[in-house]
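Subject: Structure handover

Hello,

Here is the structure I said I would pass on. Please open it next to this email and follow the notes below it.

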Amino acid sequence: MQEQFSIGVEEEYILVDKDSLDPVKAPRELMDACGNELQGQVAPEFLQCQIEIGTKVCNDIASVRDDLRRLRSCIVRQASGYNLVPIAVSCHPYADWKDQEHTPKERYDELRKALGDVARRLLICGMHVHIGIDDKNLRIDLLPQMSYFLPHLLALSTSSPFWQGSDTELSSYRLSVFDNLPRTGLPPRFASWDDYEAETGTLINLGIIENTTKIWWDLRPSHRFPTLETRIMDVSPRLEHALSLAATVQAIMRMLCRFRADNLRWREYDAFLLGENRWRAQRYGITQGLIDFGEASIKPMAQLVEEIIVRVEEDTAALGCTKEVEALENIVKNGTSATRQRAVYEQAKASDKEPLNAVIRHLIDEFQHDL
């Protein structure tokens with residue numbers, strides 16, 4: 001069993017005008033200032049109103065907290081000089097994607113050309129968690145096992161109930177937008193790293209994609225790093241919720257490796273069944289529970305979270321993230337961002353002619369809550 005499970009977190013934000021609350025193109029001067037301060041830990045995203053940050057490679061969640069707080073604080077401070085503010089939300093509640101422009105960059109120009117309006121609709125933001133897994137074949141072996149937990153992570157992270165001014169009745173509408181891209185969804189099964197390279201290499205050799213960065217599964221081996229990258233989660237407005245989710249990913253990965261060292265493994269289920277849980281998480285978030293396939297029952301999220309906390313107890317102790325993983329119970333008790341956004345909307349609807357603006361002001365406050 002490998003000794004370390006390094007962790008890194010990437011987050012995408014939308015920049016909005018402090019007064020109008022509309023998405024606004026990031027000024028070049030702002031990106032330069034952030035780049036100078038953060039030294040390669042910030043980058044433009046596909047749309048000009050987006051900005052992406054990435055932590056350093058960290059060994060524990062405490063280091064992730066320090067770095068992520070520093071990154072978020074920098075974006076807030078630098079953006080304020082341009083009357084802008086970041087929000088960590090997977091869909092802006094009312095903005096129209098047709099009004100947005102993509103960032104003029106070769107990679108994004110090619111993406112726009114290849115995918116047409118499917119790419120233009122990507123006014124969405126996510127959170128990606130990288131866990132260091134040294135052995136290539138181990139990464140492939142973990143893919144189908146870790147996939148079982150992807151719907152749980154999505155349900156706990158949901159932050160995109162609104163789209164273009166309407167309540168979609170989904171907890172994560174972001175996933176509906178993202179799934180219009182090719183090469184998305186749950187990862188396939190592969191027999192080995194060689195098998196993975198052979199299958200993805202078919203598309204590369206045909207010139208359809210230049211490398212595996214154009215494969216956008218919910219969980220994938222990273223092209224650039226020796227990691228498994230979890231990509232299914234909505235971005236979390238609250239820093240501490242993001243940390244709880246990241247710590248849970250790290251702990252589950254360690255648990256699965258611990259099982260393997262004892263000649264055990266998590267049971268693998270067909271994508272048809274996992275896809276049903278993925279949909280339940282996307283539609284209902286934490287409110288309707290997920291299917292426990294082993295017991296053939298639908299369990300409430302509180303029970304599922306309690307079971308995860310118990311199963312990874314040894315791992316959270318070893319990794320130093322027990323407090324963060326146990327804080328998942330607070331998310332279940334108090335609701336995800338999708339829950340809170342709808343509550344703010346309903347409260348504001350009676351007195352505010354523009355209740356979605358109240359939702360955005362709420363998101364601004366949540367972003368800065370733990371900084």
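**How two helices cross**

Helices α2 and α9 cross in a right-handed way; a crossing is right-handed if the near helix is turned clockwise from the far one by less than a right angle, and left-handed if anticlockwise. Their axes come within 10 Å and cross at roughly 145 degrees, with α2 covering residues 61-80. Axes here are lines fitted to C-alpha atoms, for helices over the stretch in contact, and angles run from 0 to 180 degrees between N-to-C directions. On the α2 side the contact is made by Ile61, Val64, Arg65, Leu68, Arg69 and Arg72, and on the α9 side by Leu239, Glu240, Ala242, Leu243, Ala246 and Ala247. Contact means heavy atoms within 4.5 Å. The residues of this contact divide into 8 nonpolar, no polar and 4 charged. Ala, Val, Leu, Ile, Met, Phe, Trp, Tyr, Cys and Pro count as nonpolar, Asp, Glu, Lys and Arg as charged, and the others, Gly among them, as polar.

Some ground rules. This is a predicted model, in which local features need pLDDT of at least 70 and side-chain atom pairs count only at pLDDT 80 or more, while totals for chains, interfaces and linings use all residues. Residues are numbered from 1 along each chain as its sequence is written, and side-chain values use heavy atoms, with hydrogens and water left out. Helices (H or I, at least four residues) and strands (E, at least two) are DSSP runs, numbered from the N terminus.

**Helix α9 itself**

Helix α9 has 23 residues, 239-261, which should span 33 Å at 1.5 Å a residue, and its end C-alpha atoms are 33 Å apart, which agrees. The expected span is 1.5 Å times one less than the number of residues. Of the 23 residues of α9, 20 are buried (under 20% relative accessible area; exposed is over 50%, partly exposed in between; 1.4 Å probe, protein chains only). After α9 comes Asn263, with a positive phi near 60 degrees.

**Helix α1 against α2**

The axes of α1 (residues 28-38) and α2 come within 10 Å and cross at roughly 145 degrees. This crossing is right-handed.

**Helix α5**

Helix α5 (residues 136-146) is largely enclosed by the rest of the structure, because 9 of its 11 residues are buried. Those buried residues pack against α6 (150-157), α8 (193-205), β10 (219-221), β11 (227-230) and α9. At the start of α5, a side-chain oxygen of Asp135 comes within 3.0 Å of the backbone nitrogen of Asn137. That is a polar contact (a pair of N or O atoms within 3.5 Å; within protein, one must be able to donate a hydrogen and the other to accept it, and residues adjacent in sequence count only if both atoms are side-chain atoms).

**Two glutamines**

Gln48 sits in the loop between β2 (42-44) and β3 (50-54). Gln48 is buried, at 13% relative accessible area. A polar atom of the Gln48 side chain lies 3.0 Å from the backbone oxygen of His102.

Gln50 lies in strand β3 and also counts as buried, at 2% relative accessibility. The side chain of Gln50 reaches the backbone oxygen of Ile124 at 2.7 Å, and one of its polar atoms lies 3.0 Å from the backbone nitrogen of Leu47. The C-alpha atoms of Gln50 and Pro86 are 8.8 Å apart, with 36 residues separating them along the chain.

Regards
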